[in-house]
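Let's take a friendly look at how charged side chains pair up in this model. The sequence and structure come next, followed by a short report.

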Amino acid sequence: VKAATADAQKLEGKTFQLKAKAGANGKLFGSVTNKEVAEEIIKQTGMDLDKKKVSIGDSIKMLGERTAVIKLHPKVTAEVTVKIVEA
């Protein structure tokens with residue numbers, strides 16, 4: 001639990017930016033999934049993170065920001081912001 005709490009403190013409130021191709025109205029070509037969000041968090045933090053522990057609700061299909069919940073332990077979660085910008 002201590003390690004999960006320390007990881008949560010490192011992540012809490014951070015913003016992770018991902019680039020995606022989008023049309024004129026901000027709608028993405030395809031979508032951004034929890035796997036892509038997890039990969040970006042791993043890339044930026046070096047943490048060992050299972051994509052199944054990242055919850056973004058439905059796949060992201062529009063440019064903008066979304067809150068993702070990362071379940072680090074049954075009793076420890078962290079909320080981060082996922083910002084989708086045009087590639």
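## Salt bridges along the helices

D7 and K10 sit three residues apart in helix α1 (residues 2–11), so about one helical turn separates them. This is a predicted model, and in it the side chains of D7 and K10 meet in a salt bridge, with 3.8 Å from N to O. That value falls within the 4 Å cut-off, and therefore the pair counts. D7 is partly exposed, at 23% relative accessible area, while K10 is exposed, at 53%.

| Pair | N to O distance |
|---|---|
| D7 and K10 | 3.8 Å |
| E39 and K35 | 3.5 Å |
| E40 and K43 | 3.5 Å |

Now for helix α2, which spans residues 34–45. E39 and K35 both lie in this helix, four residues apart, or about one turn. E39 is partly exposed, with a relative accessibility of 42%, and K35 is partly exposed with a relative accessible area of 42%.

E40 and K43 belong to helix α2 as well, and being three residues apart, they are separated by about one helical turn.

Methods:
Residues numbered from 1 in each chain as written. Predicted model: local features only at pLDDT ≥ 70, side-chain atom pairs only at ≥ 80, totals over all residues. Heavy atoms only, no water. Helix = DSSP H or I, 4+ residues; strand = E, 2+ residues; numbered from the N terminus. Buried < 20%, exposed > 50% of the residue type's maximum accessible area, 1.4 Å probe, protein only.
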